[in-house]
Amino acid sequence: MSTPVLEARDVSMVFGGLKALKGVTLTLDEGKIVGLIGPNGAGKTTFFNCLTGLYTPTTGQVLLKGNVLPGDPAQVTDAGVARTFQNIRLFPSMTVLENVMVGRHVRMKQGPLASLFHGPAYHRGEKAARERSRELLAFVGLNNLDDELSRNLPYGDQRRLEIARALATDPAVLLLDEPTAGMNPQETEATQQLIFRIRETGVSVVVIEHDIKFIFGLCDSVSVLVQGELLVEGSPEVVRADPRVVEAYLGKPPEEVQHDVEAAAASAEEEQA
Amino acid sequence: MSTSTVSTPDTTTPVEKRSALAPLGKPFAAAGGVLGIVAALLPWVTFTLNDGNWPDKSTLQFFDAPFAVTGFRWHVLLLGVLILVAAFAPTPSKGRVVRALGWGLTLVSFVNAAYITVKGGGLGAITALDGVTAFGSIVGLVAGVLAILAGYGIGIEPVGEWKFKVSTPVAYLVLLVSFAAVLYAVAAMLTTGGVGTSNPYSGAIFLSFLGFAAGVLGALSGVGFIRWLSALSEQHRVFSVIVLAACALLLPFTDAGNEYWMTVAANIGIYAATAIGLNIVVGLAGLLDLGYVAFMGIGALVAANFSGAATAHFGITLPFPVAAVAAAIVAGIFGAIVGSPTLRVRGDYLAIVTLAFGEIFTRSAQNNIGGITNGSNAIPGIPPLSLFGNEFNKSITLGAVKLPAGVLYYILIVLLVAATMAVFANLKFSRIGRAWIAIREDEDAARAMGIRTGKMKILAFLIGATLAGLAGAVFAHKNGTVSYESFKFLESVTLLAAVILGGMGSIPGAVLGAALLFVLPEKLRDFEDYRLMIFGLALILIMRFRPVGLIPDAHRRAEMIERADENAEEAHVEAKKA
Amino acid sequence: MSVLLQQLANGVIQGALIALIALGYTMVYGIIQLINFAHGEVFMVASYGGLATFTLLPDDLKKSPAVALPLMFVGGIVVAVLVAVIMERFAYRPLRNAPRLAPLITALGVSVFLQEAVRVWYPNATSNLPYPKVFPEGSLSLGSVNIAWTGVLLVGLSVGLSVILQTYINKSRMGRAMRATAQDPDTAKLMGVNPDRVIVLTFIFGAVLAGVAGVMFGGYLNNINIDMGFQNGIFAFTAAVLGGVGSIRGAVIGAFIIGLIKTLAGQYMPGGTQYDYVWIFVVLILVLVFRPQGLFGEPERVRA
């Protein structure tokens, strides 16, 4: 059995007296999409922040291809884990292309001297970075918008730009924090297709999402986080069938949630068929 | 029920307001333009002022000599004509242009009217007195206000965007002409109203000229020309820096080529170089530094102590280039030290840390720490630089042309400014520059992109401080004396103001900002007492009305930059083949 | 030993003065996250306002401290409040939503402007001006330690006013509105709090305290100059940061610590009083680097 590309072992996080995460374990195999769902305040974003080095877990560790990740977001990105943010965080007064080129930062060799004296190596490097950035923009479907300021883009395009920017760091793992928040059904559908295409390029993906239907239709495996604890983990079918999920999720009366979950699963199957 | 309808008038008011003025736009502009021309031809003063003729024949009667309008009246005439042209020719964002010209007209008229009234003893001076009439200034003011209103009537659209591209030779030509015009404007700015005290009215003449310049600049900016030119010069930045430096080197051959202005221009240059260094820290990386002038002080102290001056602490005399490099390195090290708290401190708090470092420097220097600053006695008698036996503060003769004293310092400093500009421009368009801007925009997101933010911020402080240290070394030799008094908190604020006034992140902005802030006090000796007060007020007003500065950082056009890169690379490849 | 006790007493008095100014910094920062750099100048202007009030009094009133002194306080406070309200309305309020550097730079501009305005327009303000002798004279002797009565008054006023302020903010309706605005201006607005009023009120409170401080400064040191605002403003700001910006109690305690550092460092550290400023700045840097939330502030959590 090969080592999983990303593995969180028994991660706990305590803020003051508050236990935000209690021994969460998550495994992401290469070329898979894992979904993370749970009610508000379940600790999903905290968990993400632990994965990306923004927080150092109180106990437990995060491994990328068997190596422990450093506790610093920049080094985590360098190691190969890229992320997007729940509330989009682009560089607003940089252009679309520049935003993606910032993503190339860790993969460019240009040192201070080359930055200071623009020699031939500088021009080659800049050109390569620009071409790669263009490719990624085309990949997410943002053509001919290079010179727009990113703050002027419509909401859906900003989400896609953020994904392109994250992909520019050549990640092994991409973490998406609510990539469809605020999107209409068409945009959500397009995002799903985009994530499938990202998987095809060999990047493994972790997605946080509220939209159960979206998650069940997208993921190879789903983890349910409730009050900082991992409740269930398994394929969408397993998770859907688990009565504890039904019971705990969103605190709704069981029947109602059961109905939601089934409906979602059914429609997801239809789409896959 | 009534509460629900309250919000409706709110949304319609601006539209109504505009529609009230809209039909009057063109007629007001026409009236403003014509009245402006009339104002230029009317007399402005009813009698001759005590200190001599108010400049440029302001008692002139219309039919005496209609072609003899000069000075401020020539400016008024020009503004009037431009208003007519802008209003009736197809002009992009017409409203903005007419409004800017209107402001120019208003300012020129106001400055002259106010000065004549105050100096001439009452309103009689600018209306009618003893049977003589002089309504020029009043007509000018009316014309200006009409034009401003006309601007609002026509409508304030967004600044025009020039999409078209030009071939390289044309771009070079445009840049050449523009920079030559800038040179002319600078020379005119320096020499208007004469040198120092030779003309009693120099302060007012200068202010009037500034009003005119502001109007024209505003109009050019409104048309979108400034933005376009800015983008063009960033595209051809190497060429721009060379041409700009060449233009600056021609200044000694203009009217401003005398010892006085060479000295002033050299001082401006030193501060401009320092301001560009600060612009890296503040404009690119977004780190507010309130103690920046300390690095210039450190550089100056290092250079002074190795200069062989009698009171220098070290008995060693280093040649200037070595001393300058040492000054830059020492300042850079201090920059990295001052910058190191950025690893833990952000935003406003960082500004306070830099302020604290600046104050520690001032206090320590004042108390002659380690015997290297000489405290309040300063380090005087720093020898001037010399090259091939020519001392930099003496005049030199090139063939038949005798150049004014101080011209060598001026040249050295122009080269220094050009070098700093090149450093700034190259860094801005590099991996490091993008990282800085990313940090400025959103530090957490920048870290998530793999940028080692702490390292990058310290690097910004280090480079900024190095440039300041270098400028400080030149400062020491140029002025001959180094005292802690030159490097106090207010100087840091002034440098910061130069950066902000010019436009954060923009290079021509930093030079223009430094020029304005250091020329104004020279020009406004009449108002010496009010200088700092005006300065404080200006900071408030700029932040309120134009926080982006006079020449804002152009929205960079990635494809233009790319084209420059590809051209450069092709050139390299071809060079290799050959 | 007696030197130490005397310096401790001096430090407490310095601290009391700094506390009055620091409260203005801390409250404004707590509400709108603005380092109101010009607050030190409000204190300076108040001092001149008090002096001007005295100068304008008729001669017979000048001789009666019981009338002149309260009037000077009123004069100083009125001037301070006017300046603060105008400054808030015309310089800061239009920038409420501007990028963060903008208001800070505006504050620098206001600071320079106020200082210069006093220098140019107040008669003879270019040199030190003597403060009238209407304050209680003499001193309180405790063993070998002498404490001027003005110093005692200063400490009393400072502690008393901060207790009143703290109580007001904790107990009153307006105080609750202030705390709500500080926590979350948008939600507070939805709950019917008028943020503009709260902010103006915050500036007014700060100005009143600075007004008292300005007049007491003159009374304690006997003369005033236009540099007093910048220097004491920096001390006060340091105190506010040391205590944890936003915390009333923190600002007061921080101020006493700064006062003590200044006098003790002047006495015992190398370089003496010439370097007492430097030590305060060193403390400021160390606090900002190692405990930016201050002694009583809460650590800011990283947000993603």
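Helices (H or I, at least four residues) and strands (E, at least two) are taken here as DSSP runs, numbered from the N terminus. All views below show a predicted model.

**View 1. Chain B and its make-up of helices and strands.** Chain B holds 22 helices and 6 strands. Of its 578 residues, 54% count as buried. Among the contacts in chain B with a separation of 6 or more, 79% join residues 24 or more positions apart.

**View 2. The two domains of chain B and the contact they form.** Domain 1 of chain B spans 17-158, and domain 2 of chain B comprises 186-417 + 468-570. The contact involves 24 residues of domain 1 and 16 residues of domain 2. On the side of domain 1 that touches domain 2, the elements that give two or more residues are helix H4 (71-88) and helix H5 (94-120) of chain B. H5(B) supplies the largest share of that side, with 12 residues. By class, this side of domain 1 of chain B has 16 nonpolar, 6 polar and 2 charged residues.

**View 3. The contact of chain B with chain C.** Chain B brings 31 residues to this contact and chain C brings 32 residues. On the side of chain B that touches chain C, two or more residues come from each of helix H14 (347-366), helix H19 (489-502) and helix H21 (531-545) of chain B. H14(B) provides the largest share of this side, 11 residues. The side of chain B that touches chain C divides into 20 nonpolar, 4 polar and 7 charged residues.

**View 4. The packing of helices H1 and H6 in chain C.** Helix H1 (residues 2-32) and helix H6 (residues 149-171) of chain C pack at an angle of about 35°, and their axes are 9 Å apart. The crossing of H1(C) and H6(C) is left-handed. From H1(C), the residues that meet H6(C) include Val12(C), Ile13(C), Ala16(C) and Leu17(C). Among the residues on the H6(C) side are Gly151(C), Leu154(C), Val155(C) and Ser158(C). The residues of this contact comprise 11 nonpolar, 3 polar and no charged.

**View 5. The largest nonpolar core and a further core.** The largest nonpolar core has 321 residues, of which Ala272(B), Ala514(B), Ala19(C), Ala22(C), Ala80(C) and Ala239(C) touch the most other members. Helix H11 (residues 259-284) of chain B gives this core its largest share, 17 residues. Not counting residues up to four places away in sequence, Ala22(C) touches Ala236(C), Ala239(C), Ala240(C), Ala251(C), Gly254(C) and Ala255(C). Another core, of 52 residues, lies apart from the largest one, and its members include Leu105(B), Tyr115(B), Ile116(B) and Leu207(B).

**View 6. The two domains of chain A and the contact they form.** Domain 1 of chain A comprises 6-80 + 171-272, whereas domain 2 of chain A spans 95-161. In the contact, 7 residues of domain 1 meet 5 residues of domain 2. Helix H2 (73-79) and helix H7 (185-200) of chain A are the elements that give two or more residues to the side of domain 1 that touches domain 2. This side of domain 1 of chain A has 3 nonpolar, 2 polar and 2 charged residues.

Notes. Residues are numbered from 1 along each chain as its sequence is written. Chains are lettered from A and ligands numbered from 1 in the order in which they are written. This is a predicted model: local features need pLDDT of at least 70, side-chain atom pairs count only at pLDDT 80 or more; totals for chains, interfaces and linings use all residues. Ala, Val, Leu, Ile, Met, Phe, Trp, Tyr, Cys and Pro count as nonpolar, Asp, Glu, Lys and Arg as charged, and the others, Gly among them, as polar. A residue is buried if 20 or more other C-beta atoms lie within 10 Å of its own, exposed if 12 or fewer, and partly exposed in between; C-beta atoms are placed from the backbone. Axes are lines fitted to C-alpha atoms, for helices over the stretch in contact, and angles run from 0 to 180 degrees between N-to-C directions. A crossing is left-handed if the near helix is turned anticlockwise from the far one by less than a right angle, and right-handed if clockwise. Domain bounds come from an automatic or database domain assignment. A nonpolar core is a set of buried Ala, Val, Leu, Ile, Met, Phe, Trp, Tyr and Cys residues joined through C-beta atoms within 7 Å.
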